[in-house]
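Subject: Handover of a structure for your study

Dear colleague,

Please find below the structure that I am handing over to you. I would be grateful if you kept it open while reading the notes.

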Amino acid sequence: MPDYLTPKQDDFIDGHNLTFDPGDKLNGSLYLAEPFNTQSGICREEIISAMRSAQLWSDADPKQVPDGQRQAYKDQLELVDAIRYQTDQG
């Protein structure tokens with residue numbers, strides 16, 4: 001069962017490495033977020049592979065939000081929800 005969060009948007013954007021699918025414009029609101037400076041316990045490649053198998057992620061190479069664009073994300077986006085997850089590896 002997922003653990004639902006209510007993070008502050010600016011803290012969330014500044015505190016996470018945000019990966020997105022540039023190949024699916026309909027999926028533009030989905031980000032895989034990994035906390036900075038911690039052992040996140042996730043394997044980004046495995047999660048994206050599983051999402052591709054479920055047709056939830058395109059075959060395009062994943063991209064990450066560059067540090068220089070974080071302020072624009074904070075100014076223009078609205079964080080609707082975040083779900084904490086954990087993989088079998090930790």
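The notes below go from the chain as a whole to single residues.

The model is a predicted one, in which local features need pLDDT of at least 70 and side-chain atom pairs count only at pLDDT 80 or more, while totals for chains, interfaces and linings use all residues. Residues are numbered from 1 along each chain as its sequence is written, and side-chain values use heavy atoms, with hydrogens and water left out.

The chain as a whole

The chain contains three helices and five strands, where helices (H or I, at least four residues) and strands (E, at least two) are DSSP runs numbered from the N terminus. Along the sequence they follow the pattern β-α-β-β-α-β-α-β. Of the 90 residues in the chain, 28% are buried; buried means under 20% relative accessible area, exposed over 50%, and partly exposed in between, with a 1.4 Å probe and protein chains only. Among the contacts with a separation of 6 or more, 63% join residues 24 or more positions apart; a contact means heavy atoms within 4.5 Å.

The sheet

Three strands form an open sheet in the order S3-S2-S4, with antiparallel pairing; two strands pair if DSSP finds at least two bridges between them. Strands of a sheet pair through backbone hydrogen bonds, either parallel or antiparallel. S3 and S4 (63-64) are at the edges, each with a single partner strand, so one side of each has no neighbour in the sheet. S2 and S4 run antiparallel and are joined by two bridges, and Thr-19 stands opposite Gln-64 in S4. Helix H2 (residues 44-53) lies across S2, S3 and S4, running at about 160° to S3; the axes are lines fitted to C-alpha atoms, for helices over the stretch in contact, and angles run from 0 to 180 degrees between N-to-C directions.

Leu-18 and the cores

Leu-18 belongs to strand S2 (residues 16-20). Leu-18 counts as buried because its relative accessibility is 4%. Leaving aside neighbours within four places in sequence, its contacts include Phe-12, Tyr-31, Gln-64 and Val-65. Leu-18 and Pro-35 are 17 residues apart in sequence, and their C-alpha atoms are 8.8 Å apart in space.

The largest nonpolar core has eight residues: Phe-12, Ile-13, Leu-18, Phe-20, Ala-33, Val-65, Tyr-73 and Ala-82. Such a core is a set of buried Ala, Val, Leu, Ile, Met, Phe, Trp, Tyr and Cys residues joined through side-chain atoms within 4.5 Å. Helix H1 (9-15) and S2 are the elements that give two or more residues to this core. Another core, of five residues, lies apart from it, and includes Leu-32, Ile-47, Ile-48 and Trp-57.

The aromatic residues

A search of the whole structure finds two aromatic pairs. Rings of Phe, Tyr and Trp (its six-membered ring) pair if their centres lie within 6.5 Å; planes under 30 degrees apart count as stacked, over 60 as edge-to-face and the rest as tilted. Tyr-31 and Tyr-73 form an edge-to-face pair, 6.0 Å centre to centre, with 80° between the planes. This pair links distant parts of the chain, with Tyr-31 in strand S3 (residues 31-35) and Tyr-73 in helix H3 (residues 70-76), 42 residues apart. Tyr-31 counts as partly exposed because its relative accessibility is 26%, whereas Tyr-73, at 15%, counts as buried. Together with Phe-20, Tyr-31 and Tyr-73 form one aromatic cluster.

Yours sincerely,

A colleague
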